[in-house]
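Today I opened this model to look up a few side chains and some helix pairs. Here are my notes, in the order I took them.

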Amino acid sequence: MWLWDLVLWLRLTGFLLPVLIVLLIIMYSLRQKDPPNFPPGPPALPLLGNIFNIEAKQPHLYLTKLADVYGSVFCIRLGRHKTVFVSGWKMVKEAIVTQADSFVDRPYSPMATRIYSGNSAGLFFSNGHVWRKQRRFAMATLRSFGLANGSMELSICEESRHLQEAMERQKGEPFDPVPLLNNAVANIICQIVFGRRFDYTDHMFQRMLHHLTEMAYLEGSIWALLYDSFPALMKHLPGPHNGIFSSSSSLQGFIWREIQRHKSDLDPSNPRDYIDAFLIEEGVRSKKSRLGFEERNLVLCCLDLFLAGSETTSKTLQWGLIYLIRNPHIQEKVQVEIDRTIGRTRQPTMADRPNLPYTDAVIHEIQRMGNIVPLNGLRMTTKDTTLGGYLLPKGTSVMPNLTSVLFDKNEWETPDTFNPEHFLDAEGKFVRREAFLPFSAGRRACLGEGLARMELLLFFVSLCQRFHFSTLDRVELSTEGITGATRTPYPFKIYAQVR
């Protein structure tokens, strides 16, 4: 009798289980129903969303193509969460510039919450009064320690000499330029944040750079999307996503040790760098009015400054070498202009920029084609907002697609071709373009844009002034790249021949 009952139970279970699964999917789908007049998007799987539709290697290209199908405002589902993507210069400008206050906040991110544990959120993921105060403080500190008085220009010129010497030590042999560029650019941020530069052979410095590169890739990879979409599952699984947290932990430890070193000899009347200025500000504020001025948040703000201020500029210079080598006639024109304006012995200065229109145009085209930050940081609507005729309820996650702006066919004459003429008028004078958004725009635009522009000009001009760049015979350098939070060239080697 009991055997017959077991058989009946198994048959009943085999029938009921699929029915139960179907009912759960229907209930889930009904619960996830879009609000009225919400942006359209591709069909999504229940529970999983569109996670398997996104191309893991080049997600920005897939998302840019979707705009051709669903329009400049469309929705993608990642797990249970909906993200609205905004494409094309006109619509991105409408969101992050014209309606800037409606798209200024960051949404909740399980990955960021794990990295930025506690109530602190650094410069990138903070919101409200804390974000505004910390952003203003960071921008004022950048001005105080170099941008306003010219000392940072001198520091970049000095670092350029170290970079040139490191390249000269290669003695004309093929080498990987990426570590040297990373060293030089990171040292500029080190001088602002730590008040000192590091020798290129310093072991701790090299470990820090390794973890920065690792974080910059993984934070924008498919693994980060999976973690934010399915945090309860992903935090228990092995995989590359765990490298985000181990690299972050190592970097925070490095920064924490620097903070303790600063505290041991802090002079409140003579701040030397960002850390000193932050500690002094913390000391004069009451506990209730801190607005993020506490040591835990100092660590995270420093981490954000390094991630935003070293990876992006170094990647731009890497792409710069690739595009110069792929276009030797452009490299030659740049060097002719530099020789005519500066010569081969005097160091370049920012005062030379107006007299280097072609070189300036090439740098801007490198930024456009290099597409260093293919998407952008996630935004969140602060109130019910209309965009492109669609209603985005308060709390909607929104992603501006910067790739779609830098390659907008309505804004660029030859969007898919490396063409410095995009930034030159008929008389050869440099012209600015509204759709040039490598630093984003609006309230959340890159706070270090002025510093990055200075670094790019001085490093780029000093390298072209000193060296002729080429690569191995019969090797064509790829322009595809590896996409994470930043877009990285595939490994390559170059010759740097002293001119």
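I began with a term: a polar contact is a pair of N or O atoms within 3.5 Å, where within protein one must be able to donate a hydrogen and the other to accept it, and residues adjacent in sequence count only if both atoms are side-chain atoms. I also noted that this is a predicted model, in which local features need pLDDT of at least 70 and side-chain atom pairs count only at pLDDT 80 or more, while totals for chains, interfaces and linings use all residues. Residues are numbered from 1 along each chain as its sequence is written, and side-chain values use heavy atoms, with hydrogens and water left out.

**Lys82.** What does the side chain of Lys82 make a polar contact with? I found the side chain of Asp34, at 2.8 Å. Lys82 sits in strand 2 (residues 81–86); helices (H or I, at least four residues) and strands (E, at least two) are DSSP runs, numbered from the N terminus. Lys82 has a relative accessible area of 19%, so it is buried (buried is under 20%, exposed over 50%, partly exposed in between, with a 1.4 Å probe and protein chains only).

**Asn410.** I looked next in the loop between helix 17 (402–406) and helix 18 (449–466), where Asn410 lies. Asn410 counts as exposed because its relative accessibility is 70%. C-alpha to C-alpha, Asn410 is 8.6 Å from Gly88, although 322 residues separate them in sequence.

**Helix 8 and helix 13.** The axes of helix 8 (residues 203–218) and helix 13 are 10 Å apart, and the packing angle is about 75°. Axes are lines fitted to C-alpha atoms, for helices over the stretch in contact, and angles run from 0 to 180 degrees between N-to-C directions. I therefore wrote this pair down as roughly perpendicular (under 35 degrees is roughly parallel, over 145 roughly antiparallel, 65 to 115 roughly perpendicular, the rest oblique). Met208, Leu212, Met215 and Ala216 of helix 8 make the contact with Leu303, Phe306 and Leu307 of helix 13 (contact means heavy atoms within 4.5 Å).

**Helix 13 and helix 14.** Helix 13 (residues 295–309) and helix 14 have axes that come within 4 Å and cross at roughly 10°, so I called them roughly parallel. Here Phe306, Leu307, Ala308 and Gly309 in helix 13 meet Glu311, Thr312 and Thr313 in helix 14.

**Helix 7 and helix 14.** My last pair, helix 7 (residues 178–193) and helix 14 (residues 311–326), has axes that come within 9 Å and cross at roughly 140°. These two helices are therefore oblique to each other.
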